[in-house]
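Dear colleague,

Please find below the structure that I am handing over to you. My notes on it follow directly after the display.

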Amino acid sequence: MTTITTIIPYKLSPHGELINSFSYVLSMQERSDEPIDVRFVDTTVTVNAYLNKYGDGYITVYQPKGVDAYWYSNYDVSLHNMVVDYDARGALYRYPECINDRSENDLGLAESAKIWDDYLIDSGFNIDNPVMRHVYSDYDNVLPDNRAIYPTNYFEHGGNLLVEINYTVNGRTYTHDESIWIFSK
């Protein structure tokens with residue numbers, strides 16, 4: 001089992017909006033050549049995406065196994081909604097037949113083990129008024145151990161994580177989202 005932990009840091013801007021901390025630091029550095037002495041993480045969303053990876057050095061197949069997330073803030077930030085979506089798309093194969101039933105000269109997966117050319121599995125949650133530090137999860141919408149996904153399309157296949165938060169700071173409501181590739185062809 002592999003865990004991919006993604007921590008999305010936010011800084012409270014002078015205007016009251018949460019912005020990605022990395023973007024904030026880059027904008028500060030562009031304005032000054034002096035060292036920056038400022039705290040640049042005020043709120044975080046931490047997401048763990050779980051998957052099994054199997055491969056032989058040439059090909060890797062994936063089994064998405066769930067997702068969980070929580071948020072934390074050291075400022076007066078109110079989250080009204082948190083959406084976490086972990087989807088995986090690719091050719092669906094029977095596992096381990098897809099790897100074990102190949103001929104020695106074939107570097108591809110066993111075609112006889114292919115079930116579906118363009119399969120999508122989606123797990124995640126949409127939580128209203130999420131409680132700070134409480135871990136929300138979806139381990140129900142996962143690929144079984146006898147199936148695996150192989151991304152065959154560079155642009156559309158792979159594992160993707162979408163995180164969206166709706167929040168209020170200083171009486172103003174905002175939405176922020178991030179999309180992160182977890183695995184691809």
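In these notes, buried means under 20% relative accessible area, exposed means over 50%, and partly exposed lies in between (1.4 Å probe, protein chains only). Helices (H or I, at least four residues) and strands (E, at least two) are DSSP runs, numbered from the N terminus. This is a predicted model, in which local features need pLDDT of at least 70 and side-chain atom pairs count only at pLDDT 80 or more, while totals for chains, interfaces and linings use all residues. Residues are numbered from 1 along each chain as its sequence is written, and side-chain values use heavy atoms, with hydrogens and water left out.

Confidence

The predictor's confidence in each residue is given as pLDDT, from 0 to 100. The protein chain has a mean pLDDT of 88, and 88% of its residues reach 70 or more. Within this chain, confidence is lowest in helix α1 (residues 21-31), where the mean is 65, and highest in strand β7 (residues 136-138), at 98. Where pLDDT is low, the predicted coordinates should not be read in detail.

Strand β5 and its partners

Strand β5 (residues 77-94) is largely enclosed by the rest of the structure, because 14 of its 18 residues are buried. Two strands are taken to pair if DSSP finds at least two bridges between them. By this criterion β5 pairs with strand β9 (residues 158-169) in the antiparallel sense, over 12 bridges. Val77 has Val169 as its bridge partner in β9. Strand β6 (residues 114-128) also runs antiparallel to β5, and 12 bridges join the two; here the bridge partner of Leu92 is Trp116. A further antiparallel pairing, of 4 bridges, joins β5 to β8, where Arg147 stands opposite Arg94.

Ser78 also belongs to strand β5, and it counts as partly exposed, at 33% relative accessibility. Contact is defined here as heavy atoms within 4.5 Å. Apart from its neighbours within four places in sequence, Ser78 is in contact with Asn166, Tyr167 and Thr168. Ser78 and Asn170 lie 92 residues apart in sequence, with a C-alpha to C-alpha distance of 9.5 Å.

Aromatic rings

Rings of Phe, Tyr and Trp (its six-membered ring) are paired if their centres lie within 6.5 Å; planes under 30 degrees apart count as stacked, over 60 as edge-to-face and the rest as tilted. A search of the whole structure finds 6 such aromatic pairs. One of them is formed by Tyr62 and Phe183, whose ring centres are 3.9 Å apart with planes at 15°, so the pair is stacked. This pair links distant parts of the chain, 121 residues apart, with Tyr62 in strand β4 (residues 60-73) and Phe183 in strand β10 (residues 172-184). Tyr62 is buried, at a relative accessible area of 9%, and Phe183 is buried as well, at 6%.

A charge is said to sit over a ring if NZ of Lys or CZ of Arg is within 6 Å of the ring centre and within 35 degrees of the ring normal. The charged end of Lys185 is placed in this way over the ring of Tyr154, 5.4 Å from its centre.

Salt bridges

Side chains of opposite charge can pair when their charged atoms come close. The criterion for a salt bridge is a side-chain nitrogen of Lys or Arg within 4 Å of a carboxyl oxygen of Asp or Glu, and the structure holds 5 of them.

Because Lys11 lies in strand β1 (residues 2-12) and Asp42 in the loop between α1 and β3 (43-55), the pair ties together parts that are 31 residues apart in sequence. Lys11 counts as buried at 8% relative accessibility, and Asp42 counts as buried at 2%.

Asp145 and Lys65 meet in another (2.7 Å, N to O). This pair links distant parts of the chain, 80 residues apart: Asp145 is in the loop between β7 and β8 (147-150), and Lys65 is in strand β4. Asp145 is exposed, with a relative accessible area of 53%, whereas Lys65 is buried, with 13%.

Lys114 forms a salt bridge with Asp117, with the closest N and O atoms 3.0 Å apart. Lys114 counts as partly exposed at 27% relative accessibility, and Asp117 as exposed at 52%. A network of salt bridges links Glu111, Lys114 and Asp117.

With kind regards
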